[in-house]
Amino acid sequence: MSTTHHILSVLVENKAGVLARVAGLFARRGYNIYSLAVAPTDDERFSRITIVVDVESRPLEQVVKQLFKLINVVKISELAPDEAVERELMLLTVKAEPTTRGQIIELVQVFEGRIVDVGHEQLTVMLAGSPTKLDDLEELMRPYGIVELQRTGRVALPKLERQAPRLRSVSGKVS
Amino acid sequence: MEMNGGQALIKALETEGVEVMFGLPGGAILPVYDPIIDSTIRHILVRHEQGAGHMAEGYAHATGRPGVAMVTSGPAATNIVTPLCDAYMDSIPIVVITGQVGTAAIGTDAFQECDTVGITRSVTKHNELVMNAEDIPRAVREAFHIATTGRPGPVLLDIPKDIVDPKNPRSAMEWYWPTDAEIEAGLPGYKPTTRGHAKMIREAANLILESRRPVIYAGGGILKARAAEALRELAELTGIHVVTTLMARGAFPDSHPLCLGMPGMHGNFTAVTSMQKADLLIALGSRFDDRVTGKVATFAPDAKIIHVDIDPAELGKVRRPDVPIVGDCRLVIEELVRAVRDLGGGDAQPDRSAWKSQVSGWQEKYPLTYQQSEAGEALKPQFVLEHLRDSTPEDTIVVSGVGQHQMWTSQYWRFDHPYTFVNSGGLGTMGFAVPAAIGAKVGMPDRTVWAVDGDGCFQMTAQELVTAASERIPIKVAILNNAYLGMVRQWQEMFYEERYSEVYLSPDLPDYVKWAEAMGCVGLRVESPEEVQSAIDKANGIDDRPVVIDFRTDSNEKVFPMVPAGASNDEIVVDPSQSQTEVHVVQ
């Protein structure tokens with residue numbers, strides 16, 4: 001993923017057709033959506049769409065403004081990759097014959113993933129984590145033979161403030 | 001009150017204050033047409049659904065009130081896509097209602113089914129597939145609210161047959177009418193900003209008072225915001241010249257000494273060049289359209305930009321403003337006038353007399369001009385327009401199609417009142433004039449409405465003259481018939497080495513006079529300059545049916561000035577009779 005990658009967190013009304021409206025604004029400009037995750041929020045009237053796109057900042061600014069014009073879009077925040085906590089979930093079915101099964105289980109443990117299903121010659125592994133961590137496990141599993149792989153697309157929230165909050169100055173206007 | 005969805009839909013339109021709607025019935029929308037018989041709303045039966053959409057637009061252009069069109073599903077819905085897109089590009093408030101197959105049949109490729117909300121999603125400000133009868137009053141109120149507030153635009157409601165059909169239990173509902181507060185609560189993502197930021201307005205006032213070569217770049221937003229008076233106050237307070245874009249013609253009177261007329265690809269030399277040489281552009285409800293800016297990189301290179309628009313997405317879309325202000329044009333201009341007054345008003349400005357004399361020098365040197373035809377030569381379209389302009393009331397509403405005739409109309413008419421020029425700017429929809437003129441006349445029945453059309457445009461929507469004749473809507477149509485797709489011909493002559501590919505239409509096929517008569521109109525033909533005046537007078541005297549005049553004009557005539565597509569506005573080409581010298585600006 002290049003340096004032009006942007007994460008948009010879009011709060012929308014939980015209604016039919018809203019995702020198509022949002023996706024359409026990217027499609028008409030020829031921008032490919034890299035990943036997309038949608039789910040209802042704690043308030044059932046709203047859903048949150050997390051979109052990762054590869055676009056230069058200037059055209060993205062225009063897309064964001066156009067997104068905000070959609071009647072069903074309530075709020076948009078752009079998360080800078082450095083200032084966001086990003087997580088993704090992967091399910092991966094890998095060939096696991098008796099000779100390699102032990103190695104695979106070991107790798108999954110190193111990555112703090114879980115084996116969620118076991119067949120005679122295959123294992124299904126679940127891993128939640130940062131997208132790069134998922135990439136790494138995917139690479140390591142590849143030589144064993146990946147049978148199927150499904151990633152959810154990332155979700156993200158802004159990183160929390162780490163600096164202690166400054167005491168507000170008491171001089172000046174008191175209101 | 002118990003009623004069915006169809007009755008509720010019509011009652012909702014009545015409650016919204018709709019007086020007239022344009023439409024054509026069909027299978028899926030049939031149940032909604034039944035209660036129209038008992039309604040106070042005047043329904044105008046069109047001959048093609050595209051006509052209904054453009055009529056609604058013309059009505060909205062002329063009156064400022066939302067236009068309403070209603071058509072059936074499938075092909076009717078696809079036929080009205082062009083007017084929706086046209087209204088979207090030019091920010092025209094219209095509400096379009098389309099029939100849809102019953103909810104159970106949606107998605108089954110039923111007869112006359114299409115994915116209307118999917119097809120129209122990108123050409124409407126908002127659209128909704130209404131799935132339950134009890135949602136109808138809410139959906140109608142929301143549609144009018146969205147269409148008419150913020151940046152106006154088209155809204156479409158897609159209405160499945162079962163929720164309006166009295167024979168279907170799904171259509172039963174209890175009437176209600178939502179309050180403003182309920183509508184706003186139901187639209188948590190829609191809160192247009194109307195008040196400009198006070199600090200930005202002060203900054204704008206400061207820039208205005210410091211500037212030496214300012215120009216007000218007034219766009220269609222002035223008309224949408226009903227801000228013509230505020231604009232005049234600002235211009236007169238500061239003595240700053242105003243250019244009015246194609247969508248803003250009439251927003252500032254052409255006869256005003258500060259008016260420079262239309263800028264852009266076919267704008268006049270002074271309007272184009274004053275913007276190029278300005279040190280400050282005050283963009284009010286304009287959007288830096290490519291037809292205005294020419295090559296963006298060389299557009300008004302020395303100008304700082306104040307950009308006022310109700311749509312935040314316009315600010316910085318094409319050109320980064322130095323002072324961006326999101327807000328309603330009228331409210332912002334009024335605040336701006338106050339801020340300029342607080343800072344000392346017009347007297348606090350630098351001496352701009354050198355700039356002003358330069359501007360008037362350009363006006364003297366490069367007026368709009370054309371070669372008058374010699375005896376026996378073909379009629380000049382500009383000559384026709386000058387006579388038409390001088391023989392009609394000052395507040396005549398002029399409606400044009402798209403192409404050469406549109407540019408000549410904008411150039412040669414004198415627009416001294418807002419809402420007197422109706423045309424298709426952003427989308428450039430050929431065939432707009434006849435139906436839009438009908439809509440304008442329906443909305444403003446006491447005003448004279450002239451459509452100025454091209455022969456190519458006229459052939460696209462002329463059938464609506466049947467609507468006009470049968471509904472007794474006496475519009476007048478001047479066809480500037482040059483037997484060609486004239487603007488395309490002009491480009492082929494200038495940029496394609498005179499290789500005229502597929503642009504010839506013939507002057508007399510069809511016979512426009514016979515065609516007009518067949519449609520219940522009076523048809524007149526004018527072939528020489530001497531006949532122009534009497535034909536216009538005759539047309540102006542007819543008020544019981546539409547009139548069509550076939551003006552046979554010179555095929556070779558081109559629109560000048562012209563900035564070639566993609567070129568810089570500095571490369572403006574004036575009329576061949578005017579010698580062009582390089583422009584140096586006084587600092």
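Which domains does the domain assignment of chain B give? The answer is domain 1 (2-185), domain 2 (198-364) and domain 3 (381-552), with bounds that come from an automatic or database domain assignment. This is a predicted model, in which local features need pLDDT of at least 70 and side-chain atom pairs count only at pLDDT 80 or more, while totals for chains, interfaces and linings use all residues. Residues are numbered from 1 along each chain as its sequence is written, chains are lettered from A and ligands are numbered from 1, in the order in which they are written. Here is a friendly tour, starting with chain A.

**Chain A: two domains**

- Chain A is divided into domain 1 (5-79) and domain 2 (85-158), and their centres, taken over C-alpha atoms, are separated by 29 Å.
- Across this boundary, 8 residues of domain 1 of chain A are in contact with 7 residues of domain 2 of chain A; contact is counted if the C-beta atoms of two residues, placed from the backbone, lie within 7 Å.
- On the domain 1 side, β1 (5-13), β2 (33-40) and β3 (46-54) of chain A are the elements that give two or more residues. Strands (E, at least two residues) and helices (H or I, at least four) are DSSP runs, numbered from the N terminus.
- β2(A) brings the largest share of that side, 3 residues.
- Ala, Val, Leu, Ile, Met, Phe, Trp, Tyr, Cys and Pro count as nonpolar, Asp, Glu, Lys and Arg as charged, and the others, Gly among them, as polar.

**Chain A: strand pairing**

- β1(A) and β3(A) pair in the antiparallel sense over 9 bridges; two strands count as paired if DSSP finds at least two bridges between them.
- In this part of the chain, A:I7 stands opposite A:V52 in β3(A).
- β2(A) also runs antiparallel to β3(A), joined by 7 bridges, and the bridge partner of A:A37 in β3(A) is A:T50.
- β2(A) and β3(A) form a hairpin, with 5 residues between them.

**Where chain A meets chain B**

- The contact between the chains involves 14 residues of chain A and 12 residues of chain B.
- On the chain A side, α1 (18-27), α2 (57-69) and β4 (73-79) each supply at least two residues.
- The largest share of that side, 4 residues, comes from α2(A).
- The chain A side divides into 4 nonpolar, 5 polar and 5 charged residues.

**Chain B: domain 2 against domain 3**

- The C-alpha centres of domain 2 and domain 3 of chain B lie 31 Å apart.
- Each of the two supplies residues to the contact: 13 from domain 2 of chain B and 13 from domain 3 of chain B.
- The domain 2 side holds 7 nonpolar, 4 polar and 2 charged residues.

- In chain B, 6 strands form an open sheet with parallel pairing, in the order β16-β15-β17-β18-β20-β19.
- β16 (421-422) and β19 (522-526) of chain B stand at the edges with a single partner strand each, so one side of each is left without a neighbour in the sheet.
- β17 (449-454) and β18 (476-481) of chain B pair in the parallel sense over 5 bridges, and B:V452 has B:A478 as its bridge partner in β18(B).
- Helix α18 (433-443) of chain B packs on the sheet, touching β15 (397-400), β16, β17 and β18, and its direction makes about 175° with that of β17(B). Axes are lines fitted to C-alpha atoms, for helices over the stretch in contact, and angles run from 0 to 180 degrees between N-to-C directions.
- Helix α23 (529-540) of chain B also packs on the sheet, touching β18, β19 and β20 (547-552), at about 165° to β19(B).

**Chain B: backbone details**

- A cis peptide bond joins B:L509 and B:P510, with omega about 5°; B:P510 is found in the loop between α21 (486-495) and α22 (512-518) of chain B.
- The peptide bond from B:F560 to B:P561 is cis too, with omega near -5°, and B:P561 lies in the segment after β20 of chain B.
- B:A300 has a positive phi of about 40° although it is not a glycine; B:A300 is found in the loop between α13 (290-293) and β13 (304-309) of chain B.
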